[in-house]
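Dear colleague,

Please find below the structure that I am handing over to you.

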Amino acid sequence: MNTLNNIIKIFTVLVMMLPVHSVLSAQGQSDNKDKIGLMGKVYDRMTSHELPGAIVALLRSDSSEVAQCKALSRTMYGSERIEEHSDFYLRVPKVNGDYILRVTHEGYDTLYVDYKLKNLGRRERDRLVNGLYMSRHTTRKLGEITFTATKVKFYNRGDTLVYNADAFQLPEGSMLDALIKKLPGVEIRDNGQIYVNGKFVESLLLNGKDLFGSNKNLMLDNIGAYTVKTVEVYDKRGDRSEFLNRDLPGDIRYVMDVKLKKEYMAGTMLNVEGGIGTSDRYLGRVFAMRYTNNSRITLYGNVNNLNDSRKPGENNSWTPDKMPSGVRTERNGGIDYRADNPLHTWDVSGNVQVSHTSSNEDVTINRTNFLPGGNTYDYVYNTARNKNLAVSTSHRFYMRNLGKTVQFSVSPYFNYRKNDDLGDNVAATFDSEQQEIDKSLIEGIYESPAGSMRSAIVNRSIDRAKSNGTGYDTGLSFYSGLSIPGGPDYIEINGEAQMTRRRLDRFSSLGIDYGSGPESSQSLNRKFREQPARDMRLKGKLSYFYFPVDGVSLQLDYDLEWKKSRKLSEMYRLEALSSVDGTRDEELESILDPGNSYVSDARDMIHRIVPTLVFQKKNTKAGNIWIQARFPVSIIHRTLDYRRGRIDTAIVSNTATVSTDLMNTFVQWKLRNPAHTLFLSIDFKPELPSLVDMVDMRDDIDPLNIYEGNSGLKNAYNQSYGLSWNYEKMFGGSKQFYNTLSFYYKPVANALTRGYRYDSATGVRTYKTYNVSGNRSIEANHNFFLYFGNRGQFVLSNILNGTWSNVGDYIGEDSEPMRQSVKNFFLNDRLGLQCQMGRQTITASVDLTRRNTSSSRAGFTPIHATNINYSLSGVFKLPCNFGLSTDLNLYTRRGYMDEMMNTTDFVWNAGVTYTAAKGALVFMLDGFDLLHQLNNVTYAVNAQGRTETYRNILPRYVLLHIQYRFNFMPKKAKSRFDNK
C-alpha cells in the first residue's frame, strides 16, 4: 500500500524532528531552570468578565514582595482593533513555601489569597493559578457619550471570527436561523449542518455554553435574532484542554457561539408566537429562558404544519428541488438547564425533549436503468403515512478541584422511539419508455384491452404495508483526569457503556405480475416480526500525555472496545391460513418461512493504540505553526454466528489497520500581517465490509429484488488529501476582504458498492455487494467577500464549488455483472451583490449549476444540464413601524432529457410587519409562492441509472402570525451590567 507507506514516512519525519526541537528548547530554557511561571486570569466576581490591567503580586509570608506583573495581554487585528485580556504570568524562584497573592485594580477591593507553592517537580515549568475574582467597592456613573460609527459586519479578534448582529438588516420577528443565513461565508445545508467558509461547525453555543445538546435546530428556531449581540466562530477548548491550559488532540471543537445582548444576559426572557393561514396552515411557538450569571433554565414548545423554513426577503441557495415534501405536522417541547459556581469547579447540565411528528407524503419516481442490452424504465407511485414519537433526555456533571489536579465528568442519556407507518406502493417496469402513464393505469393494466403499454410491461407490483415499532437506547460515558504531581504530564481514563433495544412488527400484502398476461403472478400476504434486537457496547481508554518541552506534546492512547449485537427476524406466510383474525403464536409457527427468517449474533473486539504528536509555535516571526499527526493502529477481531433456513455458519475476521483521525492529522500555518492561513490535511480510513454481506445466502423476501452474499469482499480504503488557503484584509474601518481557496483529492481503494444482475424476462434484480476500483473525486472551492463603499454599504460575494468524480459499479443483464463507470462533473457558482443604505437592504444574486454526466458504456446518452436561478430580494423599514420583505426568483432548468424537467418557474414571496407596544408586539403577514409556480422535482444519476423524483409539496399559502416579546432584568443585575 503506497498510501500507507507515505503516511508512515510522514510520521517518521515528524518524530525525528522532536529531538532537534528538544535540544534547542532545552538550551533556551537552561537559564530559567530554577524558576517557575505562575499563570492565570483575573475576573469580576459578579459578572465573571475579565479585568485587564489588574496588578498581581506574589508576597512572602512576611508581606515582602517576590515579583509582580500586570494582568494584561493584547490581541491586535491589523491597525484597527485591539482586544485586551486579563492574562498574567509571574516568573518566580522555584522554592516551596507559603505565599500570598495580592491583586489590585482601580474600583475594586484589594484581593489577598493564600497560596501554597509545594511539590515542585524537576520538569515543571508552569503552574496554573485558579481564577482570581475581585469585588467592586465603588460605583461611578459616567456622563453620556454620543457617537456615530459605521457598523462593521465582521472582523477578526485574534483567531475568532466575529459577526456583528446589528449590522445585518432582518425582517421584524426573525429568529436566529434568519440571522445565521445572512452571515458572510456561512451556510446552513439541507441536513441542518452549519459550515463557515467550507468548515463544519461542530457545536452551536449560547454564551459559550451548550443549549439543547447537539440539536442545533432548536436554537436556530427558538432564539430571537433581536436578542443577539454577536456571533463568534472559533476553535473552543474542551474541559480537558482548559484543565491543562493547552490544546489536546481531539479536544478542540470548531464552534459557533451566539452572544446575547447585555439586557438578555440576566433575568427572564419570553418569546411567544402564534399564527393561522390559508390551506389550513398554523403555527404556535413559546420560548422562555431564565438566566443568571451561573445558571440557566429554558423551556420551549412548538406546534406547526408548515414544513417550510423559508422567510420572505431571504436571498440564499434555496431552489424548488429543496422544497420539503408532503404535509407534515410537528409538536415538540422540552426543558434545558445548566448551573455552575463562580469558581467554575463544577458544572451540571441536561435536557428533556419530547417530539411527535405525523406526515403524509406522495412520491412519484421515474427511473431509467442503464443496461447493456437496452434500457428499462421503472414507474413508481408511493404513498406513506407516518407517525413518530420520540422522548430523549441527557445530562452531564463535571467537577474539578481548585488546584486543577483532578477532574471528573459523567454523562448519562436515554432515548425512546415509537413509530406507526402505513404505506402503499404501486410500481411497474417496462422495456420501452411510456408516455402519459399514471398510478391508475398501472393498477388496471391487466383489466384493460391489450395494447402497446401492456405488451411492453416486464412486471408490476402492488404492495400495501403497515408497521409499528418501539425502541430505546441508553448509556453512560465518563472520564477522569489526573495531573501528575511535579510535572506537566497528565493521565486520563475514559469509559462508555451503551445498550439498545428495538422491536418491529410489519404486515405486507404484495401482489406481483410478470409479463403481458396476468396468468403468471404471485400473491403474498406476510407478517414480519423482529424480536427485540439487542446491541451492547463497552469501551475503555487509557491515555498518557507527555510534554517534554514547550510547544511539543506526545500522547499515547490504548482503547479496548467490545460490541455485541443480536437480531432475530421472522417471516410468516399468512396466505397459508384461511383467516388471520385471532391467530395465535403457535399457529404462526406452522407457517414460518425458514429461508427468509434468521438469527444473527455478532461480536467485535477492538484493540486500538493511538500515538499522537503535536508541535506548536505561536507568535513567532513566521506566525503560528501547528503540526499534528495522529495514526490509530487497530487490531479488530469480528465473529458472526448466522442461522437462516439450512444455513448455519460462523465467520471469523481478524484485521489490522492503520488510519488517521479525521482533521486530526494536519499542518497549519498562520500569518498575521497580512492575515494568511495555510492548512494541509490527511485522512485515511479503512471501511470493513459487513460480515452479513459475506454470508453465502439468498434473501428473496422481495421477489423482485433478491440479495445474495459475497464471501470474497475486501476492506475499502477511503482517503482524503486537502489543501486550503485563507486570506483576510481590512482597508480602513469599513472595507473588508475575505478570501478562501481549498482543494481536496479523495480516492477510494476497493470501494464497496451494491451491484446487480438483471433478468430481462421477469425484471428481477439480484443484488450483491462488490469491491470496485477507480472511484475517486476532486473538489475545489473558492469563496470571497468584499465589503466596499465609503460606509461599507456594499457587499460583493462569490461562492464557487466544483466536483469531478468517477463512480464505478457492477451491472449485468442476463449474465454476471461487469464493471461500469460514470463520470460526473458538478459546478455551482453563486454571485451576489448587496447594498445596505441605512435601514434598507437590497440583494441581487445569480446562482448557476452545471451537471455533466458521461460514460463509455455503449448506448449511454450523455447528460449536460444547467440550472440558473436569478434572485432579487429586499428588506425595507417603512414609516409608522411598518416593514416590508420580499423576494422575486426566476428558476430555470435546461438540458434534461425529459422535457418535463426543462422548466421555468417564477416564484414570488412577500411579507409585511408592524411593530407595536415599543417592540413588544410584532404583527406579520407572509405570503409564499404567490404566483403558484412551485413544483418539487429532484434528479440523480449514477452508473446504474437516472432517477427523477416528484413529491407533493406544501401549496401556496398566506400566514398571519403575531409575536410577543417580554424581557425582565432585575434592578441589581441591570446595575451590574450598566457599570461594566
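Arginine 253 is partly exposed, because its relative accessible area of 25% falls between the 20% and 50% limits. In this predicted model, arginine 253 forms a salt bridge with aspartate 210, and the closest N and O atoms of the pair are 3.6 Å apart. Arginine 253 belongs to strand β19 and aspartate 210 to strand β17, so the bridge ties together parts that are 43 residues apart in sequence. Aspartate 210 is likewise partly exposed, at 27% relative accessible area.

Strand β17, residues 209–210, also supplies lysine 209 to a second pair. The side chain of lysine 209 meets that of aspartate 340 in a salt bridge, at 3.3 Å from N to O. Aspartate 340 is in strand β23 (residues 327–340), and the two residues are 131 residues apart, a link between distant parts of the chain. Which of the two partners is buried? Aspartate 340 is, with a relative accessible area of 9%, whereas lysine 209 is partly exposed at 25%.

A further salt bridge joins arginine 537 and glutamate 561, with 2.8 Å between the closest N and O atoms. Here the strands concerned are β29 (residues 521–549), which holds arginine 537, and β30 (residues 552–573), which holds glutamate 561; the pair therefore ties together parts 24 residues apart in sequence. Both arginine 537 and glutamate 561 are buried. Asp424, Lys439, Glu443 and Arg464 are linked in a network of salt bridges. A search of the whole structure gives 45 salt bridges.

Leaving aside residues up to four places away in sequence, leucine 179 touches Ala165, Phe168, Leu170, Ala225, Val228 and Val231.

Leu878, Phe882, Leu884, Val912, Tyr914, Phe923, Leu925, Val958, Leu960 and Ile962 form a nonpolar patch with about 750 Å² of accessible area together. The elements that give two or more residues to the patch are β48 (882–894), β49 (904–916), β50 (921–928) and β53 (957–968). Strand β53 provides the largest share, three residues. Leucine 925, placed in strand β50, is partly exposed with a relative accessible area of 41%.

Glutamine 793 sits in the loop between β43 (775–788) and β44 (794–813). Is glutamine 793 buried or exposed? At 9% relative accessibility, glutamine 793 counts as buried. Its contacts, not counting residues up to four places away in sequence, are Phe788, Gln834, Cys835, Gln836 and Met837.

The structure holds zero disulfides. Among the cysteines, cysteine 69 counts as buried at 17% relative accessibility, while cysteine 880 counts as exposed at 61%.

As for the protein overall, there are eight helices and 53 strands. Buried residues make up 48% of its 980 residues. Of the contacts with a separation of 6 or more, 67% are between residues 24 or more positions apart. The protein exposes about 46,100 Å², of which carbon and sulfur atoms supply 55%.

With kind regards

Definitions and conventions:
Residues are numbered from 1 along each chain as its sequence is written. This is a predicted model: local features need pLDDT of at least 70, side-chain atom pairs count only at pLDDT 80 or more; totals for chains, interfaces and linings use all residues. Side-chain values use heavy atoms; hydrogens and water are left out. Patches are made of residues with over 30% relative accessible area and no salt bridge: like charges are joined within 9 Å, nonpolar side chains (Val, Leu, Ile, Met, Phe, Trp, Tyr) within 5 Å. Accessible areas come from the Shrake-Rupley method with a 1.4 Å probe; for residues, only the protein chains shown count as cover. A salt bridge is a side-chain nitrogen of Lys or Arg within 4 Å of a carboxyl oxygen of Asp or Glu. Helices (H or I, at least four residues) and strands (E, at least two) are DSSP runs, numbered from the N terminus. Buried means under 20% relative accessible area, exposed over 50%, partly exposed in between (1.4 Å probe, protein chains only). Contact means heavy atoms within 4.5 Å. A disulfide is a pair of cysteine sulfur atoms within 2.5 Å.
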